[in-house]
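Hi everyone, thanks for coming.

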Amino acid sequence: MKEIYLDNNATTKVDEAVFEEMRPYFCELYGNPSSMHFFGGQVQSKVNEARGRVAELLGATPDEIIFTACGTESDNAAIRSALEVFPDRRHIITSRVEHPAVLTQCRNLTQKGYRVTEIGVDGAGRLDLEELKAAVDTDTAIVSLMWANNETGVLFPVEEAAAIAKSKGALFHSDAVQAIGKIPINMAASNIDMLSLSGHKLHAPKGIGVLYLRRGTPYRPFLVGGHQEKSRRAGTENAAAIIALGKACQLAGEHMETENTVVKALRDRLQDTLMAAIPYARINGDGAERLPNTTSIAFEFVEGEAILLLLSEFGICASSGSACTSGSLEPSHVLRAMGVPFTCAHGSIRFSLSRYTTDAEIDTVIREMPPIIARLRQMSPFGREHLKGQG
Amino acid sequence: MWDYTPIVKDHFLNPRNVGDIADADAVGEVGSLACGDALKLYLKLDDNKDKIVDAKFQTFGCASAIASSSALTEMVKGKTLDEALAVSNQDIADFLGGLPEEKMHCSVMGQEALEVAIFKYRGMPIPQHDSEHDHGHAYPDYEGEIVCKCFGITDTFLKKVIETNRLTTVEQVTNFTKAGGACGGCIPKIQELIAHVLGDADAQPRKRPEKLSNMKKMQLIQEVLERDIRPLLWADGGDLELIDIDGSKVQIAFRKACAGCASSGNTARMVEIKLRDLVAEDIVVEEVSQ
């Protein structure tokens, strides 16, 4: 069965051109970029080229790019560095809808005596800037807020938030893993000090990430024991993956317009048609500014895992905010923070598209989804009562 | 992806006996939309009112909840009521070739619905559950104290499941009953119940430390606020912030829905009880507006 892959916020296909770019750096050009000989040197120059390409996508300079192993490492490194840089500041601010890479770390830090404030969101998932203003003080070491939410695609006003953080001398970090490659970003005209990127969310392979570190920002490395990345991240470079990421960033820049026109139009058609065809459904984050590729729809009276497995029968890959898919018993912390009722959160499905998504694929989802929901509602003791006469 | 057996997949994709029975003799309903799963079971008896001749179900839930319901209806058809009552949640799981442990609560839900249906038919009392927490299951003959408030689960029911399935950890109890899977506030109590059932002194509930340095005390206060108290407030759209700790005096400010809430005095009292319980007996909680 051919897959219809609409789970690009989970991970993406490695672009063929990206794979070709990295291919020689396994069996042929396997030198260590740090070596003094020509064999390592030629890898080093490709790594430098990649650094330039990543910098260009971000509107940054190459020395502001630190390669890491993943977005999670970048998030961890940014927060830990800020706490080491400001030993007298004992307060961290984040949001209630962050990715666990940030949230879990912050919550763990409360056990080390740090004060953590988690800023809330409104019903559409929008950040409460007033709450942030009230929370930042001169004890705040770092404010870490995501650029785009992985579950709903809702965008945070990170520039305004960064300005608020900096007014009290705190550092500002943004987990931009879902935003980079989907919306234009220009760090040259930004207030943000640190930014996390993950390769496998933009058609590079898994196992490569970036921490953007604004020039002049004080920093303490997370991994020590080597001079790599100007001693800001020790460990032999994952050269092939770095080279792949460089290519992926170049392609992301070229496809940025497609992402915001073609992909967005497909997403809009998918969500509008499903909303028109299926009663008792709502878009999570409706009304907020969102990523062009993401839609999260809550279907009442049915449960997400059952929907996903029936979609899977047609090759359709999506994800859910339901409790049952994750092994936890509560629906997603993001949907709960937004105040989405439990009754809807259990039946929330996220579709995340990419530049590879086709019209025909969207047609299939539009065709198969309504009968799947109807079938589960027929089976549900709640759906039948509410949907009498609606078939 | 869950590792479902082919039988689970078959009963999910081709569920048997979906629907209702208009003149059903017995109906058992457990679960709710808020819980994430619910099952309504209909039984039709023969003329002697002894043997189950037909069974149908309606289920809201994940694949294994639907498969467990389907399996249950197949299993009880042809059985007498007494035979049906002997069906255990493990029997349902076995019928399906096994369930992932995280999904065992689906088989428990099936068994519960069956008991509720038969107890109700026989006119045996079904305890009213606390209407305030009416998002839970109904527990025939399992009166007792509500342990898990999120899912409305009583101690008697938990003891039964712990005993029949020989559960030894909180994680297992959560997998089988959901108890403790949401706010986690009842985890110490579940540990107590396991210890009680097993007669095991190892699974001790969290206890207040005997002696605490000032530093440790401050840390523990923050830990309890973060882990045990704030998640409870978030559930109702509220929040609190720790303002200061001065010896045994803990100053907090309420935020969001808690700020200006008429019952914030009660909430402050709840915080104090919890802190006294888990940190130190002499703690005084003071609400400040800041």
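Predicted model: local features only at pLDDT ≥ 70, side-chain atom pairs only at ≥ 80, totals over all residues.

Residues are numbered from 1 along each chain as its sequence is written, with chains lettered from A and ligands numbered from 1 in the order in which they are written.

Okay, chain A. Helices here are DSSP runs of H or I, at least four residues, and strands are runs of E, at least two, numbered from the N terminus. H3(A), residues 38-58, packs against H8(A), residues 239-277, at about 35°, with the axes 8 Å apart. Those axes are lines fitted to C-alpha atoms over the stretch in contact, and angles run from 0 to 180 degrees between N-to-C directions. In contact means C-beta atoms, placed from the backbone, within 7 Å. Among the residues involved are A:Val47 of H3(A) and A:Gly246 of H8(A).

Over to chain B. Which residues of H8(B) are buried? They're B:Ile187, B:Ile190, B:Leu193 and B:Ile194, buried meaning 20 or more other C-beta atoms within 10 Å of a residue's own, again placed from the backbone. Their cover includes S4(B), H6(B) and H7(B). Just after the helix, B:Gly199 has a positive phi of about 60°.

Finally, where the chains meet: 28 residues from chain A and 29 residues from chain B take part. On chain A's side, the largest share, 3 residues, is from H9(A).

Methods:
Contact = placed C-beta atoms within 7 Å. Buried ≥ 20, exposed ≤ 12 C-beta atoms within 10 Å, placed from the backbone.
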